[in-house]
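This briefing is for a reader meeting the structure for the first time. Please look over the sequence and the model before reading on.

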Amino acid sequence: MNKDVRRTHRHLDVWRDGIDLVRAVYELTAHFPRGEQFGLVAQLRRAAIAAPSNIAEGAARGSRKEFARFVAMARGSVAEVETQLVIAAELGYCDHTETVDAVLNRLYARLNRLHSRLIHHD
């Protein structure tokens, strides 16, 4: 691989938090009922993966406006994960764990700050 290629997303704490969310969701959903593999498990994992993926894609776009749009989509994915975890807890598939909550809170806060900086050109 060409070492001169700069992957702008890899240095972002918010992207690393997104990867942490994916890991936490995969660990949590590994214990869901087998009957949910193509339902809630698939939805949770897809939404979790979308968060850091959108951050990476937005960072690669090269414009603040495009990056802000992808950060907003990542925020939507995080909200989707949170909602689906509430549903999973209501169905008795998991407890709302402090670990996942901490990752969600940190990621959402960083996404909000990044989005604000991008649209206000700080």
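Which residue forms a salt bridge with Arg61? The partner is Glu66, and the closest N and O atoms of the two are 3.4 Å apart.

**Confidence**

- The average pLDDT of the chain is 90, and 93% of the residues score at least 70.
- Among the elements of the chain, H2 has the highest mean pLDDT, at 96, while H4 has the lowest, at 93.
- Over residues 1-5 the pLDDT stays under 50, and the model has one contact beyond four places in sequence for this stretch.
- Where pLDDT is low, the predicted coordinates should not be read in detail.

**Helix H4**

- Helix H4 covers residues 98-120, which is 23 residues.
- From its first C-alpha to its last, H4 reaches 33 Å, close to the 33 Å expected at 1.5 Å a residue.
- The buried residues of H4 are Val100, Val103, Leu104, Leu107, Leu111, Leu114, His115 and Leu118.
- The cover over these buried residues includes helix H1 (13-29), helix H2 (40-61) and helix H3 (64-90).
- After H4 comes His121, whose phi is positive, near 55°.

- The whole structure holds nine salt bridges.
- One of them joins the side chains of Asp17 and Arg110, at 2.5 Å from N to O.
- Asp17 belongs to helix H1 and Arg110 to helix H4, so this pair links distant parts of the chain, 93 residues apart, with Asp17 buried at a relative accessible area of 4%.
- Arg110 is partly exposed, its relative accessible area being 25%.
- Asp20 and Arg106 form another salt bridge, with their closest N and O atoms 3.5 Å apart.
- Because Asp20 lies in helix H1 and Arg106 in helix H4, the pair ties together parts that are 86 residues apart in sequence.
- Asp20 is partly exposed at 25% relative accessibility, and Arg106 is partly exposed at 32%.

- In the salt bridge between Arg61 and Glu66, Arg61 counts as partly exposed at 42% relative accessibility.
- Glu66 also counts as partly exposed, at 23% relative accessibility.
- Through shared partners, salt bridges join Asp17, Asp20, Arg23, Arg106 and Arg110 into one network.
- Side chains of opposite charge can pair when their charged atoms come close.

Terms used. Residues numbered from 1 in each chain as written. Predicted model: local features only at pLDDT ≥ 70, side-chain atom pairs only at ≥ 80, totals over all residues. Heavy atoms only, no water. Helix = DSSP H or I, 4+ residues; strand = E, 2+ residues; numbered from the N terminus. Expected span 1.5 Å × (residues − 1). Buried < 20%, exposed > 50% of the residue type's maximum accessible area, 1.4 Å probe, protein only. Contact = heavy atoms within 4.5 Å. pLDDT = per-residue confidence, 0-100. Salt bridge = Lys/Arg side-chain N within 4 Å of Asp/Glu carboxyl O.
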